[in-house]
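Please look at the sequence and the structure, and then read the points below, which are grouped by topic.

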Amino acid sequence: MERPGRLLLQSELRVRNAAYDVSLSRSLLIWKRRTSSPVYHPFRPSVCHSVPVSEIISVREEEEENGSRQRDDGSWKKIREREGKDCRQAFTVLYVERCRQHRWRCAEVTFTCSDEAVCQHWVSSIREQLASNTSRPKHLLVYINPYGGKRQGKRIYEQKVAPLFTQAGIATSVIVTEYANHARDHLKMEAELKKFDGVVCVGGDGMFSEIIHGLIWRTQIDCGVDPNSTEEALSPCSLRIGIIPAGSTDCICFASVGTNDPVTSALHIIVGDSQPLDVCSVHHNNMFLRYSVSLLGYGFYGDVLSDSERKRWMGPARYDFSGLKMFLTHHYYEGTVSYLPAKGIIGTPRDATRCRSGCVICQHNGQLNSERSEKYEMDEASDSESSGEWRTIRGKFLAINAASMSCACPRSPKGLSPAAHLADGTTDLILVRKCSRFNFLRHLLRHTSKDDQFDLTFIEVHRVRRFRFMPRHCQSDSDLELDLHENSKRQIFSQICKDHPACGCAPAYSSWNCDGEILTHTAIDVRVHGQLIKLFARGIEELPVFEDLSNPCAI
Ligand SMILES: CCCCCCCCCCCCC/C=C/[C@@H](O)[C@H](COP(=O)(O)O)NC(=O)CCCCCCCCCCCCCCC
Ligand SMILES: Nc1ncnc2c1ncn2[C@@H]1O[C@H](COP(=O)(O)OP(=O)(O)O)[C@@H](O)[C@H]1O
Ligand SMILES: [Ca+2]
């Protein structure tokens, strides 16, 4: 908790008919009950409250009319009756209150005072402090996907989010999308981005993917960078993106905020939080395909996604249905994975440390990456195979997953790679080699328990900044000649197996699940661009273990 600093204002005000010493500094608003008895009352509710000024949402004057007070939003409130006849003026402060499991709520406290000038002074001082905070957005461009998740995006925004933006004095331009890629193309071609301080995405991971594709593309064009290039360093996007979760998995929101709750997300946007995020670019034969921020998954997660798209009518449950089906089908895929291990960074995928608010690993590695990108051309040369840094693994895989963040979500609160970082410039490459159904189930189940899902002989995990995948049937002739005999047998079977997937033999190809979208190519080249975009978030907050000694209420 912050120390109060130099006081801007201090008065005796009343809260629910009790006298409080109230003070305002640049960093804190504190209200402390005046007590005649110094004796500690164990059953009396807490008598000292403090709110960081950065977490005040707004301040509202209460107006007096016919002996009762009226909020300036028009609803009646009998404050005078409750608070004694001496009280003439009142103002209400709306602020962030933390609830269970990383949820935030909008709480309010009404202060009354007998002197109108004092009241006015308080309101204007708090407003001045809020206005001096330049990180808060004033005008947002909102895209709503009415079709994602349980099709509640529009209702969620209108009922839970829009009223909070209004309270906080944020102006919005709202677009309800009419078709897939509407938001992406609007951002690419039409949106007047200079007018806005941020973009809000109401939907799931797929909708977020649309937003980043529009925004990254537009930023490169505006900065004179070729967005399709494999060689050029991409320019970071200055506009932050807020995610109001209204999709099926919503793992980008969950992994960066700690919960999938529209009100919590709206409050992180209002207070102007900022969380950088790594982005992977995916190319095929030097042709740009897509960006990814969460999961790039071949095999199991690719098959789950392809199968579940046909069952969208089931809503979010389609993933469990297709998950079970693909678990039983138990397909494996052959191919070659090559990767460049991330060097010079701190942290490994097997760490007990988690990426949390103000993560020092992201700061350290982020700094390292920006130094690297300054000498970018040199690094590109050293990235080549000839430098010998590349490592290659050939094999049969049930799944090849690259997690650029933990991918925590309600299905797996620790995620696919629990120690992955939001902004360290790396992705965790998880290889699940062919194993029995029983072993694969053990691996899957460990996503939902405290046990380490990587501590199994058929799992490998590497922290990388670039990787490539080549399915076996795309490999060069010389590679294929190595096992020609086996290959010819497999080609016959794979044709049969496409028509009869239940026979237990693997079809030749899976597809890539790229943040919930299916990629059209299987041979891909993936590069991490550290901290390319920013979210209106702060990372998952560490839960307080004990009361901090710097608590201003203890002073
Ligand atoms: C037996 C229980 C096993 C639970 C294993 C859970 C692992 C879940 C990891 C989820 C990682 C999610 C990464 C995020 C992906 C999203 O970008 C993406 C798109 O999201 P959107 O719809 O919001 O746009 N979502 C997805 O691709 C969904 C992936 C969901 C996979 C669910 C898998 C369920 C597996 C069930 C296996 C059941 C075996 C039971 C045997 C008795
Ligand atoms: N108005 C629309 N109609 C149909 N599809 C849309 C629309 N707007 C966006 N989409 C697409 O819907 C898909 C799923 O969106 P998303 O919000 O991620 O929901 P879910 O989490 O349920 O998949 C995305 O591929 C997105 O491009
Ligand atoms: Ca990362």
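By class, the residues around ligand 1 comprise 14 nonpolar, twelve polar and five charged residues. This shell belongs to a predicted model, and 31 residues form it in total. Domain 2 (135-273) and domain 3 (279-376 + 391-530) both contribute residues to the shell, so ligand 1 lies between them.

- Four helices each supply at least two residues of the shell around ligand 1: α5, α8 (300-309), α9 (318-329) and α12 (437-445).
- Helix α9 gives the most to the shell around ligand 1, namely five residues.

- Ligand 2 has 22 residues around it, of which Gly148, Gly203, Gly204, Gly206 and Gly247 come nearest.
- Helix α5 (residues 205-223) provides the largest share of the shell around ligand 2, with four residues.
- The shell around ligand 2 contains five nonpolar, 13 polar and four charged residues.

**Domains and their contacts**

- The protein chain is divided into domain 1 (7-133), domain 2 (135-273) and domain 3 (279-376 + 391-530).
- The centres of domain 2 and domain 3, taken over C-alpha atoms, are separated by 26 Å.
- In the contact between these two domains, 23 residues of domain 2 meet 24 residues of domain 3.
- On the side of domain 2 that touches domain 3, the elements giving two or more residues are α5 and α6 (251-257).
- Helix α5 gives the most to this side of domain 2, with six residues.
- By class, this side of domain 2 holds nine nonpolar, eleven polar and three charged residues.

**The annotated region**

- According to an unreviewed UniProt entry, the annotation "domain: DAGKc" covers residues 135-286.
- Over residues 135-286 the chain is 39% helix and 22% strand.
- The end C-alpha atoms of residues 135-286 are 38 Å apart.

**The chain as a whole**

- The protein chain contains 14 helices and 23 strands.
- Of the 555 residues in the protein chain, 40% are buried.
- Among contacts between residues at least 6 apart in sequence, 73% join residues at least 24 apart.

- Is Tyr509 buried or exposed? Tyr509 is buried, because 20 other C-beta atoms lie within 10 Å, and a residue counts as buried at 20 or more.
- Tyr509 is located in the loop between α14 (484-499) and β21 (512-514).
- Leaving aside residues up to four places away in sequence, Tyr509 touches Tyr333, Pro471 and Thr522.
- Tyr509 and His331 are 178 residues apart along the chain, and their C-alpha atoms are separated by 9.7 Å.
- Ser27 is found in the loop between β2 (18-25) and β3 (28-33).
- Ser27 is partly exposed, because 17 other C-beta atoms lie within 10 Å, a count between the limits of 12 or fewer for exposed and 20 or more for buried.

How values were computed
Residues numbered from 1 in each chain as written. Chains lettered and ligands numbered in written order. Predicted model: local features only at pLDDT ≥ 70, side-chain atom pairs only at ≥ 80, totals over all residues. Near = placed C-beta within 6 Å. Nonpolar A, V, L, I, M, F, W, Y, C, P; charged D, E, K, R; others polar. Domains from an automatic or database assignment. Contact = placed C-beta atoms within 7 Å. UniProt positions renumbered as here; feature names shortened; annotations may be inferred.
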